[in-house]
Amino acid sequence: MKHFRGATLVALIACAATPAAIAHPLDGLTAEEYQNINRILRNEKIVDAETLFPLIELKEPAKADVLSWKEGDALDRKAMVQFTSPDGFKEAVVNITQGKVESTAAIKGQPMVLFAEFMNALEGALGHPEMIAGLAKRGLKPEEAFCLPLTAGNFFTQDYENSRLMKVPCYRVPEGSNFYAKPIEGLFAVYDIGKKSVIKVIDSGAVDLPKDNWGYTEDEVAARTPLRPKTNKVALTQEGGPNYKINGSHLEWDIWRLNLRVDKRPGLVVSNLDVNDGDTWRSVIYQAHLSEVFVPYMDPTEGWYWRTYMDSGEYGFGLFLSPLTAGIDCPDNATFLPATIADDKGNPLVIPNAICIFERSIGDPAWRHFEVFAQTPEKPVPAEGRPATELVVRTASEVGNYDYLIDYRLQQNGQINIYIGASGLDAVKGVASTSMKDPTAKADTAYGTLIAPNLVAANHDHYFNFRIDFDVDQPANHFSTMDIVPADVEPNSPRKSMWTVKHSMPHSEMEARYKLSAAEPRYFHVSNPNRESYLGHEPGWMIHHGNVAYGPFDYANDPPMKRNAYIEYSVWNTVYDQDQRYAGGKYAMQSDGSDTLAEWVKADRPLMGKDIVTWFSAGFHHIPRMEDWPVMSTEWKTVHIMPHNFFAHNPALSIRK
């Protein structure tokens, strides 16, 4: 369920951005560039004062040009611009450097939802006579309700043809902090945001409103239950300032260096992730970012079956970045950076404190060894070891009721962890039951859990697909799997069962799709075939493991699953294509599944000796529980990446005590 924060969002990001110098070709668009894009389009009379812009993104230079770029070199800065017109949505490529529009074309699909469209849907639904009548049947006036426009998916029916639909349920205006505590169940409008009109109103019957406000501020909690005794604060501190250096978008720490930017759709984008091997900087990942987020609910009823959100492609993880708070979201000693995106009018908007960067001792040893044979009664020898420190780059996007934290955590031992933290509030529906003993409870909880009186949280899934373009020393890499398989054991051996490693190399994209199972252990390996370690190994990196989930879905006939068929496998591999950035397709809104990762691989391009992009979907099933309400504890899921025969020895060996 999505709650667009309206005036709150505008208040957070409506501060002016200051022009910034471009230090790298993959730097994010600056405030000055957004203004120039607008000016160029107006000068060529392609847009006017009424034009709205669903998305403006950096159009990256060709990868070869970026890799050969050196500081001081000139590469044209370009932007991909989606905009409204009297003839429908269009897309332009704007050359900011040269001050001209290189191309314009009609969009074959539906771009991201605009803020103006949200507001039109909210006001249109709440002002419709049938909605007003439905509220009156429930004893409510329009001013006592607020309505939340939600993307309606695409179910390939006539309703979705030549339309741009949202479905708009409502809630009782909160008396405290919780906007979701009192759903007005059984009533919602279907609104065409393109035509700016209500198509129909669905009223399946009134359900009693929950009575509890379920606030979650400290004062509201204290009024419900005693707070815990005060304790001494536990905090991360650092003497002498941070060990990392930030220069514009460039970040260096310990053995790592990388570039950062924020795009409106994926949020944080990490580029040129290199590691220092001795005195040599070696490339690991050309670019990594969130590709899509898919959250399908498992309730088939009229008011819920269509809730199958593509949170990144429909709403935007960058748009919904929320300011991070020192001492809660990040340690007090963190460095906070703003993010600059574009608003509906194409003007720059700054989200303050959108990124935090900090290093921390995790309280664990990076490595240790206690040598029992070195001990004597006269001279005990303590364990030899080193303390572990990690660098964290964090953002948090509030997409409706959920808050999603995205971390890139770099380790001193050469490992990379992408962490996804899910928190916020469950999506809830109003029901008659106040207890599982009620006669209505069985029907009310057929597709979810009764988590509070009159509130059921529906079962659902969360899938996070990441696009990871490994460049291990060079763009052309090998991809292979390392499978744990039964070993051949001689009949006369005392051992009757062992395992060994089988190395397999897929030849094409269709072969390079994989599911993960604890019963069939497998690691995914990306290596450089043109370089040898001093022992003769191909240096590489591997996705060691991650949190994955699979459902009994019909990817051929169930529309939401056809649109997001990339969740059928957790690991995919494609030949690099600059235009293939998002697993759910370039236009997620009401997409039909024809432009997705699952379709791209049907070209079945050969992978050998190619620049390979690896896609990984971390996911989890969410069966709600009472402990999720009124706010959820943060649940972390991971993608774990580690070096494999890349370094000559443990890179954490050189950490000082």
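## A buried arginine, its partner and an open sheet

At 14% relative accessibility, Arg 138 counts as buried, because the cut-off for that word is under 20% relative accessible area. This residue belongs to a predicted model, in which Arg 138 forms a salt bridge with Asp 203, their closest N and O atoms lying 2.8 Å apart. The pair links distant parts of the chain, since Asp 203 sits in strand β9 (residues 197–203) while Arg 138 lies in the loop between α5 (129–137) and β5 (145–147), 65 residues apart. Asp 203 itself is partly exposed, with a relative accessible area of 30%.

The structure holds 36 salt bridges, and the table sets out three of them.

| Pair | Closest N and O atoms |
|---|---|
| Asp 203 and Arg 138 | 2.8 Å |
| Glu 144 and Arg 172 | 3.7 Å |
| Arg 409 and Asp 407 | 3.0 Å |

In the pair of Glu 144 and Arg 172, Glu 144 is partly exposed at 23%, and Arg 172 is partly exposed at 21%.

Turning to the strands, four of them form an open antiparallel sheet in the order β1-β2-β3-β4, with β1 (55–59) and β4 (100–106) as the edge strands, each pairing on one side only. Within this sheet, β2 (residues 78–83) and β3 (residues 90–95) pair over six bridges, and Ala 79 stands opposite Val 94 in β3. Helix α2 (residues 31–43) packs on the sheet and touches β1, β2, β3 and β4, its direction making about 110° with that of β3.

Terms used. Residues are numbered from 1 along each chain as its sequence is written. This is a predicted model: local features need pLDDT of at least 70, side-chain atom pairs count only at pLDDT 80 or more; totals for chains, interfaces and linings use all residues. Side-chain values use heavy atoms; hydrogens and water are left out. Two strands pair if DSSP finds at least two bridges between them. Helices (H or I, at least four residues) and strands (E, at least two) are DSSP runs, numbered from the N terminus. Contact means heavy atoms within 4.5 Å. Axes are lines fitted to C-alpha atoms, for helices over the stretch in contact, and angles run from 0 to 180 degrees between N-to-C directions. A salt bridge is a side-chain nitrogen of Lys or Arg within 4 Å of a carboxyl oxygen of Asp or Glu. Buried means under 20% relative accessible area, exposed over 50%, partly exposed in between (1.4 Å probe, protein chains only).
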